[in-house]
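This report looks at the spaces inside one protein and at one of its sheets. Please have the sequence and the structure at hand while reading.

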Amino acid sequence: MASRIKRAERRVGQAGTLLVAAVALASGAGAPLLAQAKGDWQGYGRDESHARHSPLTEITPVNVAKLRQVWTYHMRPAGTTGETIPMPDSVPAKFRTGFSASEATPLVVKGIMYLATPYKRVVALDAATGAERWVFQLPGNDQPSTRGVAYWPGGKGTGARIVFGTRSGKLIALDAATGQPAAGFGTAGAVDMKTPEVMNGTRAPLGMSSPPAIYRDVIITGSRVQEMPVKGAAGDVRGWDARTGKLLWTFHTIPQPGEPNFGTWEGDSWQKRSGTNVWTFVLVDDKRGIAYLPVGAPTFDRWGGDRKGQNLYGNSIVAVEAATGKYLWHFQTVHHDIWDVDLPSATLIEVRRGGRTIPAIAVMNKTATMFILDRVTGKPLYDVREVPVPTDTDIPGEQPWPTQPMPATPPPLARLSYAATDLVEGPPALRAACEKLVADLTVAPSKPFQPLRADSAVNFFPGSLGGVDWGGGAFDPKSGLYVVNVNNLASPQQLAQQPDGSWGMKAGYAYFQDKETGLPCQKGPWGELVAVNVDTGAVAWRKVLGTNDDPAFGANGVISAGGPITTASGLTFIGATRDATIRAFETKSGALLWSAPLPASNYGTPMTYQAADGRQMVAAVATGGFAFQPATSDQVVAFAVR
């Protein structure tokens, strides 16, 4: 069956080539309409390629050691204390710090920084000084998307707009100059995304945790939906008119009858299913008019007994016409996901081969297995094989998929298995805590894609945090290096039957670490920064990332969340680590060149821009509040060499 699917995907890829050619002609595709000034950072990943690469060169490997903090902005409104979003009583006291966490990356366009805060506000700042220009306060108890906002440059009599989704399912557009709701967009600048066709007759949650993508005059939105129960809001991707907010198109992330690839869900298990959503970032190739949708796992993402089959488009990168949402091709990175590996990382890259440059896309699920594909056809640029994987499980009715796609190169960047001999060695207290964890949770060894069980907790590597997660990687086009931070942290997962006959987590979400110190329970390395040469598929270098408080584990690195950026001068910047530090590495070698303490960890991605006074700056949102730490700051900090 796997071979038939592979042949089918190849045919789809060939058809996609023709469709892409057609849409390019229809739209007059040429130079990108969203071309930005060299010194701007116009999207979460700088642009819609999400390469997270800046052409700026003022800060270099030679002078980066001179970087100093030049301004700070406090996101929490003056005179307020406590979290703006009430916390359940079950939240431990140590997390009730009075601060709220952010995973945002600011934008800078024409000297103005735009930022979504975790305090129900979107703000505009002078990017040179951090001084406020305007503030937009969301009504009620709503909150802007955790990871930031998008910028639409306007046109034909309409000014630039800041666009973002909210926790409650609103799509909001603001006038970029004033911060006022955009005239003519929806009702008073807002559109309700909870439309009947996606809500499936339920009152399920639907919102946005990541900013939308912008393709010319189209706003493309993913969504955040429930982890469980099974039935709920659809994870469909939609396109909206940037001027009016009118819905233009919908792409069904679970194919409907009559659509391409319908039939990979047994029976009617596809109906009213939630999940299969794009909760990270839609990518856009503006020149070719293609949007790329990194679709996550279906609900429930640890049990598939009620959804036998391959489950498209779960865990797939799907290419569609950006103007219409029309399907072009797909590539599934995991069949029938029962581990919550999603597809959080995708980046448009270029591969040099045989004297030509191939437009490509690098995608990774949480296992940090990198698939490098031709972005026009979806065809892998390196051999991908369907590899047999374990299928043994004691869960009645579960039918794990017998093979999973694995690239011949590059190799998986994170640990994928665990044996009892891998238990951490070192201080007796940590060893004892980890041995107790193994006993309490009945932790069992695991192989790659080992199915979950009811009699033991399969120690699945890497766990729900990855591997890789929303931070993704950064691509330096000059060197051909793709740089990404990876974790080696397992999730011991055990299933138990629920009163309705379904299967859910027995002990909730757990991680293979000492709860007191946060130190992982297996031998290192725990956190690394890795560079892959996309022209060859080889790992160019890998370095441990972060510093542990315990010197016994100094060479192991630390857990991270967020991602890196690269610059044309040959630098890689990254916060991400739980040790509240921002660092600069030489991209070509991985050598550490500079580091500075932050007021808390940066769990978004840093960014760099040119301020109105000509200085190149590096900025990061430093709140903490992830990777099992409380939020302890509300600061945005900016650095410069002069």
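The lining of the largest cavity divides into four nonpolar residues, seven polar and one charged, where Ala, Val, Leu, Ile, Met, Phe, Trp, Tyr, Cys and Pro count as nonpolar, Asp, Glu, Lys and Arg as charged, and the others, Gly among them, as polar. This is a predicted model, in which local features need pLDDT of at least 70 and side-chain atom pairs count only at pLDDT 80 or more, while totals for chains, interfaces and linings use all residues. Residues are numbered from 1 along each chain as its sequence is written, and side-chain values use heavy atoms, without hydrogens and water.

On a 1 Å grid over the protein atoms alone, a cavity is a set of points where a 1.4 Å probe fits but cannot get out, whereas a pocket is an open set with protein on both sides within 12 Å along at least five of seven lines, and lining residues have an atom within 4 Å of a point. Among the residues lining the largest cavity are Leu465, Asp469 and Asn485.

| Space | Volume | Lining |
|---|---|---|
| Largest cavity | about 70 Å³ | four nonpolar, seven polar, one charged residues |
| Second largest pocket | about 780 Å³ | 20 nonpolar, seven polar, ten charged residues |

Each volume is the space filled by probe spheres set on grid points, which are joined across faces, edges and corners. Of the 37 residues lining the second largest pocket, Asp47, Glu48, Ser49, Val284 and Leu348 lie nearest its centre, and the largest share of that lining, three residues, comes from strand β19, strands being DSSP runs (E, at least two residues) numbered from the N terminus.

Conventions: Helix = DSSP H or I, 4+ residues; strand = E, 2+ residues; numbered from the N terminus.
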